Amino acid sequence: MDSEQADNSEQFRQTEALLSAAMAFAVCGDALTRDDLSGPGRLERLMEAQGALMAAAGPGHRVRFTGLLERLTGAETGSMAGLMPEWADPGSLDGLRFLDVDGVTPGEAFDFRLEAERVIRAAKKVGRFAGRVTFTALEDEHSQESVFSAIKGPYYERHRTNLIEHPVVLDQEPADGITDRPALADLDLPTRAIDFYRPVPQHARYRGWWFPCPACKWPMKVSVYHSEGRDQGSAWCLYPWHEQTGATYRFEPTQGEPPVLNPVFPCGVPHGRQGELWTGCVPEVPQAQPVDGHKALVRSVWRSTCVPGLPELRLHRVLNRHLQGTGWRAELWVDGDRIDLHVANDDDGQQRKAAFPADFKDYTFVSHLVDKLHMDSGDKGDAKWLVVPDHRDAQVATLDPVCRGYGMRAITASGYVDEVLAAIREGRA
């Protein structure tokens, strides 16, 4: 094994250890929040989490049960600092909390786990890393791969669009037929995909009510805390960028009436190209919705399909609006999702041309995306452009040199639109 392979193996070992620790905290959250667990049942789940942490840390490093309990409440809630051995602690995660005081995985920590799973799965597939975590543990029934497998076929684009645009549905049609939200049956999803919708999660409920994020429409997290002698309610989207752009609210607790949300700060939508492609929060204060009668996508499907899918759909539609009259059109999820997007001329015969094949990625941790690019040797579908949402523009400087090594380029969504339109206008496409 050469030094580069050894370095990669050590890096994957660290990623896997942190992934196992993140999974352990998720087990703790399950133990703390599930209504159907008894006292002994909760204890068993917490001991399971301790065992997972011990296995991740390896021989010679003990994770005390009391030490784990200390990370479930108070100032150290969800902190991994000092919990794992030095070789598994990159330091860059010091401020990251893998559980909040309500027993819920915060947005960035949830992203870390999803992204680390993809990296370790990819490394195992190409034989670059054996590790301790088995394929069985990684093959979640709601993983991104499982979702795409469940909806593949001639109606793939329709099914995927429905999952993106309807993260919450009605159990059944209302008696009066008046609604702005479809019933689950109306989506006509494959049987396996119907199971992606479950009751509104507990963390999003407040006395029988929930609130849709104005950006993605998925139920926002709700928390009630005691401050300055009175109870105060908060609601915010678990996708950090939606929260940062305005999907964060306060409310006065109520007994029987639906709570009324008040924005924490004003929401602003940019102008120009970024405004066209904007999928962040909009100045529309959500109204309380009854929990009864609604189902929502499970969190992993929402995060891996709905959240990145919104800017994908917007990019596709904006491009087609600008391409009207040019003889070109944007096509989405081409060849059964071999690539996410390209532009093609309108000729259906031998003169048909396709250009700008693109793969769209929304990763919170750019290091995970870099690792994934290396494992896939660029893009498995032969995309030549790696497109990131505009709010990930800071990642381009890191990604572009890696992409160029595989015959690709990294670019923001706005930059991609400008490149495509300029090439078609100048006859370079």
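Guide: Helix axes are lines fitted to C-alpha atoms over the stretch in contact, and angles between N-to-C directions run from 0 to 180 degrees. The model is predicted, so local features need pLDDT of at least 70 and side-chain atom pairs count only at pLDDT 80 or more, whereas totals for chains, interfaces and linings use all residues. Residues are numbered from 1 along each chain as its sequence is written, and side-chain values use heavy atoms, with hydrogens and water left out.

Visitor: What makes α7 and α11 roughly perpendicular to each other?

Guide: Helices here are DSSP runs of H or I with at least four residues, strands are runs of E with at least two, and both are numbered from the N terminus. Helix α7 (residues 156–165) packs against helix α11 (residues 299–323) at an angle of about 115°, and their axes are 8 Å apart. Angles under 35 degrees count as roughly parallel, over 145 as roughly antiparallel, 65 to 115 as roughly perpendicular and the rest as oblique. The pair α7 and α11 is therefore roughly perpendicular.

Visitor: Which residues of α7 and α11 meet?

Guide: Contact means heavy atoms within 4.5 Å. From α7, Arg160, Thr161, Leu163, Ile164 and Glu165 meet Thr305, Cys306, Gly309, Leu310, Glu312, Leu313 and Arg317 of α11. These residues divide into five nonpolar, three polar and four charged; Ala, Val, Leu, Ile, Met, Phe, Trp, Tyr, Cys and Pro count as nonpolar, Asp, Glu, Lys and Arg as charged, and the others, Gly among them, as polar.

Visitor: Why is threonine 248 called buried?

Guide: Buried means under 20% relative accessible area, exposed means over 50%, and partly exposed lies in between, with a 1.4 Å probe and protein chains only. Threonine 248, in strand β6 (residues 248–251), has 8% relative accessibility and therefore counts as buried. Not counting residues up to four places away in sequence, threonine 248 touches Ala235, Trp236, Glu243, Pro263, Val264 and Phe265.

Visitor: Why does aspartate 171 count as partly exposed?

Guide: Aspartate 171 has 40% relative accessibility, so this residue counts as partly exposed. Aspartate 171 is found in the loop between β1 (168–170) and α8. Leaving aside residues up to four places away in sequence, aspartate 171 touches Gly293, His294 and Lys295.

Visitor: Why is aspartate 337 counted as buried?

Guide: The relative accessibility of aspartate 337 is 18%, and the residue therefore counts as buried. Aspartate 337 is placed in helix α12. Its phi is near 75°, a positive value in a residue other than glycine.

Visitor: What makes a set of residues a nonpolar core?

Guide: A nonpolar core is a set of buried Ala, Val, Leu, Ile, Met, Phe, Trp, Tyr and Cys residues joined through side-chain atoms within 4.5 Å. The largest nonpolar core has 77 residues, of which Trp302, Leu315, Leu319 and Tyr416 touch the most other members. Helix α11 gives the largest share of this core, 10 residues. Apart from this core lies another, of 36 residues, among them Ala24, Phe25, Ala88 and Ile120.

Visitor: Against which elements do the buried residues of α6 pack?

Guide: In helix α6 (residues 144–151), the buried residues are Ser146, Val147, Phe148, Ala150 and Ile151. They pack against α7, α8 (191–194), α11 and α12 (334–337). Just after α6, glycine 153 takes a positive phi of about 130°.
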